[in-house]
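Subject: Structure handover and findings

Hello,

Please find the structure below, with notes on what was found in it.

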Amino acid sequence: MTSPRTICIVTGTRADYGLLYWLIKEIADDNDLHLQIIATGMHLSPEFGLTYQQMEADGFSIDAKVEILLSSDTPVGIAKSLGLGVIGFADVLERLQPDILMVLGDRFEILAAAQAAMLARIPIAHIHGGETTEGAFDEQIRHAITKFAHWHFVAAEPYRQRVIQLGESPDRVFNVGSPGLDHLQYMDWLDRPTLEESLGLKLRSPIFLVTYHPVTLDKQSPSIPMQELLVALDRFPEATVILTYPNADTGGRVLIEHIDRWVKHNQHRAKAFISLGQQRYLSLMGQVDVIIGNSSSGFTEAPALKKATVNIGDRQKGRLKAKSVIDTPERSQDIVAGIHRALSEEFQLMLPLVKSLYGTGNVSQQIKEKLKAVPLQTQKAFFDIEHNF
């Protein structure tokens, strides 16, 4: 009798854990697989809510914790965190010895895990490769992880083609859709009264869900566009506003300071959260009138929920975009115009016709079945398009 194949999942933020939740559950419930979890990054930071505790509350055991975050969001601090991550993952992977390391996305802590796994000759599976986000250094990190990885689970066919263009063999690149959409199939949704009680705020329309992350390739301070966004929100004094904190990226802490000051002056209608958790976040998204900011969830989950997104600036530039997404520059007057358009009767009547560009769900089960079947090997040939087409 062969022993179960060991799949080690790395998660560093509230966001990627939300996307990975159903895959983690699928692996945990499969007798042919053995699950390992490594928590790192924001999960281990009190400043960002110690969100590893949510994984434990969900019934998952954490096999290792890799501390990498320094109390700095400068480029030097992030680079040092990346170095600490490589060291920490080297030690942890030496101990855990998984058959496959599963990673998602494009953050620096995931790059650290991929580097350590490559040197340890542990094959890597990567979710959400091939995408473009031209305003952030996530772009370069994502494509770098693609080259470290051996199998690729992408969210749409154009992304599959881009991974192949990077030299990955087509038989290793699987278009499965976005795993975040699995929540729409399986999650227990919170109704409005329960949600209001949990948030500690009455949800009066219009309701805005706001998440703005630093645009890490922009030379200007992220505080400038954040101030423009908050000025725009002031133009809608009747709106209920729920804000979530940005990721631990370069310049992120100054955004938190701006958010806290603004909420303090708008306590009657606004609240900010370090982390809402996937159930509250998506349940809230299902109730809101507009998603505002530059989060990828405005491109993936929001269209599937038939919700309008006002996407600010260039952070998500290049990503596949449904008709429910309105792009605006990072100026208050443009953001205001975008919100007015999103709230307009014409736009709201169009939303039920919007189609998701990132699949229809059942993603985690597809990924799990592939992980059970792929050959365990670390060598791979560069796929040269001009020689193969």
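How are α9 and α13 oriented to each other? This is a predicted model, and in it the axes of helix α9 (residues 223-234) and helix α13 (residues 332-343) are 8 Å apart, at an angle of about 50°. Angles under 35 degrees count as roughly parallel and 65 to 115 as roughly perpendicular; α9 and α13 are therefore oblique to each other. Their crossing is right-handed. On the α9 side the contact is made by Glu228, Leu229, Val231 and Ala232, and on the α13 side by Ser332, Ile335 and Val336. By class, the residues of this contact of α9 with α13 are five nonpolar, one polar and one charged.

Two packed helices are described by the angle between their axes and the distance between the axes.

Helix α4 (residues 108-119) packs with α5 at an angle of about 20°, and the axes are 10 Å apart. With the limit for roughly parallel set at angles under 35 degrees, α4 and α5 are therefore roughly parallel to each other. The crossing of α4 and α5 is left-handed. From α4, the residues that make the contact are Phe108, Ile110, Leu111, Ala114, Gln115 and Met118; from α5 they are Ile141, Ala144, Ile145 and Phe148. Nine residues of the contact of α4 with α5 are nonpolar, one is polar and none is charged.

Trp22, Leu23, Glu26 and Ile27 of α1 meet Ser364, Gln365, Ile367, Lys368 and Leu371 of α15 in the contact. The contact of α1 with α15 has five nonpolar, two polar and two charged residues.

The largest pocket holds about 1200 Å³ of space. It is lined by 49 residues, and the closest to its centre are Arg14, Ala15, Asp16, Gly18 and Gln278. Which helix supplies the largest share of the lining of the largest pocket? That is α1, with eight residues. Elements that each supply at least two residues of this lining are α1 (14-28), α2 (52-57), α5 (138-148), α7 (182-186) and α11 (277-285). By class, the lining of the largest pocket is made up of 13 nonpolar, 23 polar and 13 charged residues.

How many cavities of 30 Å³ or more does a search of the whole structure find? The search finds one. About 60 Å³ of space lies in the largest cavity. Its lining consists of 14 residues, and those nearest its centre are Ile291, Ile292, Gly293, Asn294 and Ser295. The elements β8 (207-211), β11 (290-293) and β12 (308-312) each give two or more residues to this lining. The lining of the largest cavity has seven nonpolar and seven polar residues, and no charged residues.

Finally, two points about the backbone. Most residues other than glycine have a negative phi, and most peptide bonds are trans.

Which two residues are joined by a cis peptide bond? They are Ser205 and Pro206, and omega is about 0°. Pro206 sits in the loop between α8 (192-199) and β8. The strand β8 was mentioned above as one of the elements in the lining of the largest cavity.

The other point is Arg121, a residue other than glycine with a positive phi, near 60°. Arg121 is in the loop between α4 and β5 (124-127).

Regards

Technical notes: Residues are numbered from 1 along each chain as its sequence is written. This is a predicted model: local features need pLDDT of at least 70, side-chain atom pairs count only at pLDDT 80 or more; totals for chains, interfaces and linings use all residues. Side-chain values use heavy atoms; hydrogens and water are left out. Axes are lines fitted to C-alpha atoms, for helices over the stretch in contact, and angles run from 0 to 180 degrees between N-to-C directions. Helices (H or I, at least four residues) and strands (E, at least two) are DSSP runs, numbered from the N terminus. Angles under 35 degrees count as roughly parallel, over 145 as roughly antiparallel, 65 to 115 as roughly perpendicular and the rest as oblique. A crossing is left-handed if the near helix is turned anticlockwise from the far one by less than a right angle, and right-handed if clockwise. Contact means heavy atoms within 4.5 Å. Ala, Val, Leu, Ile, Met, Phe, Trp, Tyr, Cys and Pro count as nonpolar, Asp, Glu, Lys and Arg as charged, and the others, Gly among them, as polar. On a 1 Å grid over the protein atoms alone, a cavity is a set of points where a 1.4 Å probe fits but cannot get out, and a pocket is an open set with protein on both sides within 12 Å along at least five of seven lines; lining residues have an atom within 4 Å of a point. Grid points are joined across faces, edges and corners, and a volume is the space filled by probe spheres set on the points.
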